[in-house]
Amino acid sequence: MTFDAAQLPLFVDDHAQSGGGVGDHASTGEAFTLETARPFTFLLGLHKAKWLGDESLAEVPVLISRNTLARRRKWPRPQGPYAIDSGGFTELQMHGRWRLTAAQYVAEIRRIVAGLGRAKLLWVAPQDWMCEPIVRRGGVVVPRRGKPIHFKGTGLPLLLHQWKTVQNFVELRRLAPEIPWMPVLQGWDTDDYFACAELYARAGVDLFAEPIVGVGSVCRKQNTLEAARLFEQLYYMGLRLHAFGLKMDGIGRAVTSLASSDSLAWSLHAAHRPPLPGHQLPGPGRPKGHKSCANCLEYALRWRSELLYDAFTALHHLLVTDPWAFDEAA
Ligand SMILES: [Zn+2]
């Protein structure tokens with residue numbers, strides 16, 4: 001498999017039935033309109049497993065970490081579609097390595113999926129290796145608010161992070177082919193992601209045949225246009241992308257080239273603001289009331305609605321101005 005225009009027909013075919021996508025604009029010369037824009041799915045990040053069973057999430061796709069789920073013995077029946085994150089960022093941040101082998105990870109995921117049920121499971125993230133310099137070299141991040149975050153550092157070169165990511169995916173799929181593992185591209189500079197795609201190809205994984213491909217280590221880059229350009233390039237090649245942890249300001253520009261993204265940022269957003277009116281007092285879903293909405297599903301759902309509205313507005317703005325204005329803005 002090579003990454004050139006030869007892959008494009010695969011992509012065009014894929015979207016012909018659904019009325020076309022953004023890439024068709026370039027390949028067919030047809031107008032890019034709101035009607036032809038590709039559907040985008042936002043996965044709301046949850047940090048409470050019990051919320052999976054909440055009826056207000058029946059139409060809301062969610063992402064929840066293995067770390068949150070693994071602590072439980074009983075699970076609710078998920079009301080809406082759900083995906084499982086590996087918790088890899090925390091694992092590498094705190095320990096500088098994966099403490100679980102692939103076989104142990106498979107056993108844990110099987111236990112969780114058996115508990116929650118397969119019916120609404122979208123995908124499961126592998127034990128990938130994020131490539132941010134601080135994840136590899138270690139160090140301390142001092143946020144504007146909150147405690148400093150210490151990174152142990154893996155001490156490994158970027159290429160080895162990518163290699164381990166690809167090898168792990170291959171091993172997980174071999175050990176548990178019944179689980180919908182999502183391959184994840186890891187890298188730091190744009191070229192790294194293409195190199196990682198090449199590693200998958202050499203390992204016999206056809207990313208173009210995958211229903212969804214994760215793009216990792218992008219959450220620290222999204223204030224630049226680099227991430228948006230990367231998504232666009234990968235999208236044009238025909239990959240269906242999930243961007244991990246994209247924040248509000250990153251979503252508008254990227255929404256045209258992503259199939260999905262997720263965020264748990266609502267919780268931090270709520271932690272530094274007064275609660276929603278009346279939430280100091282007991283009410284539905286809050287028997288005691290609360291001082292902040294950092295653990296409040298109602299807040300999370302409102303935040304999601306605003307995010308989707310902003311993404312829609314940003315998309316509309318791109319459509320009525322120039323959807324391909326990336327180069328001029330650089
Ligand atoms: Zn609240």
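Predicted model: local features only at pLDDT ≥ 70, side-chain atom pairs only at ≥ 80, totals over all residues.
## Confidence at the ends

The average pLDDT is 83. Of the residues, 81% score at least 70.

Helix H1 (residues 8-16) has the lowest confidence, with a mean of 28. Strand E7 (residues 184-185) has the highest, at 98. Residues 1-36 have a pLDDT below 50. Beyond near neighbours in sequence, residues 1-36 have 40 contacts in the model.

## Overall make-up

The protein has 13 helices and 10 strands. It has 330 residues, and 36% of them count as buried. Take the contacts between residues at least 6 apart in sequence: 63% of these join residues at least 24 apart.

## Helices H7 and H8

Helix H7 spans residues 158-175, and helix H8 spans residues 190-202. The two pack with their axes 10 Å apart, at an angle of about 40°. The crossing of H7 and H8 is right-handed.

H7 contributes Leu158, Gln162, Trp163 and Val166 to the contact. H8 contributes Asp192, Ala195, Cys196, Leu199 and Tyr200. By class, the contact of H7 with H8 has 7 nonpolar residues, 1 polar and 1 charged.

Methods
Residues numbered from 1 in each chain as written. Helix = DSSP H or I, 4+ residues; strand = E, 2+ residues; numbered from the N terminus. Buried ≥ 20, exposed ≤ 12 C-beta atoms within 10 Å, placed from the backbone. Contact = placed C-beta atoms within 7 Å. Axes fitted to C-alpha atoms, helices over the stretch in contact; angles between N-to-C directions. Left-handed = near helix turned anticlockwise from the far one by under 90°. Nonpolar A, V, L, I, M, F, W, Y, C, P; charged D, E, K, R; others polar. pLDDT = per-residue confidence, 0-100.
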